[in-house]
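Morning, everyone. Let me put the model on the screen, and then we'll walk through how its pieces pack.

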Amino acid sequence: MQYQTESWGSYKMNKLGFGGVGMVADTGLLRIESLAAESAVVIFSVSTCCMCHAVKGLFRGMGVSPTVHELDLHPYGGDIQRSLIRLLGCSGSSSPGSLPVVFIGGKLVGAMDRVMASHINGSLVPLLKDAGALWL
């Protein structure tokens, strides 16, 4: 089973209704969009989270240098984390499995479960190659 990633344009238009008359953009989502586009692999993390540490180790072990945003150290970290939780469809502000959140090539891959499933089924490496993060 291969996971499909979504472009920001499709997410904003289909799920949030951005672009509609009278809609106000979520500043957390706008920050995420901007940060996710800054490099081939972007990880939103918490510095004390063991699952976040594992995902960062997975990418580094593959020879990928992700851009990591430690939300507990970021000035807008709380706002970004709440927006990520809404983006993933998680319930509750401290929903388990909500972090880390990974973007590859500016596209949402998802949380740890989606990243690991992509790695196991073999679809992660092609995503990394297409984004220019891996040259194998």
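Start with helix H2 (residues 27–36) and helix H4 (77–88). Their axes come within 8 Å and cross at roughly 90°. Axes here are lines fitted to C-alpha atoms, for helices over the stretch in contact, and angles run from 0 to 180 degrees between N-to-C directions. So H2 is roughly perpendicular to H4. On the labels: under 35 degrees is roughly parallel, over 145 roughly antiparallel, 65 to 115 roughly perpendicular, and the rest oblique. Helices (H or I, at least four residues) and strands (E, at least two) are DSSP runs, numbered from the N terminus.

Who touches whom? From H2, it is Thr-27, Gly-28, Leu-29, Arg-31, Ile-32 and Leu-35. From H4, it is Asp-79, Ile-80, Ser-83, Leu-84 and Leu-87. Contact means heavy atoms within 4.5 Å. By class, that contact has 6 nonpolar, 3 polar and 2 charged residues. Nonpolar is Ala, Val, Leu, Ile, Met, Phe, Trp, Tyr, Cys and Pro; charged is Asp, Glu, Lys and Arg; the others, Gly among them, are polar.

A word on the source. This is a predicted model, where local features need pLDDT of at least 70 and side-chain atom pairs count only at pLDDT 80 or more, while totals for chains, interfaces and linings use all residues. Residues are numbered from 1 along each chain as its sequence is written, and side-chain values use heavy atoms, leaving out hydrogens and water.

Now the sheet. It is open, with 4 strands in the order S2-S1-S3-S4 and mixed pairing. Strands pair if DSSP finds at least two bridges between them. S2 and S4 (107–111) are the edge strands, each pairing on one side only. On average, neighbouring strands are turned by 20° against each other, direction ignored. H2 lies across S1, S2 and S3, at about 140° to S1.

Take the pairs. S1 (residues 41–45) and S2 (residues 67–70) are parallel, over 4 bridges. Ile-43 stands opposite Val-68 in S2. Between S1 and S2 the chain runs through helix H3 (residues 50–61), a right-handed β-α-β crossover. Right-handed means that, with the strands pointing away from the viewer, the path from the first strand over the helix to the second runs clockwise. S3 and S4 are antiparallel, also over 4 bridges. There, Val-102 has Gly-110 of S4 as its bridge partner.

Back to helices. The axes of H3 and H5 (residues 112–121) come within 11 Å and cross at roughly 30°. They are therefore roughly parallel. Met-51, Ala-54, Val-55, Leu-58 and Phe-59 of H3 meet Met-112, Val-115, Met-116 and His-119 of H5. That contact has 8 nonpolar, 1 polar and no charged residues.

Last stop: a cis peptide bond joins Leu-99 and Pro-100, with omega about 5°. Pro-100 sits in the loop between H4 and S3 (101–104).
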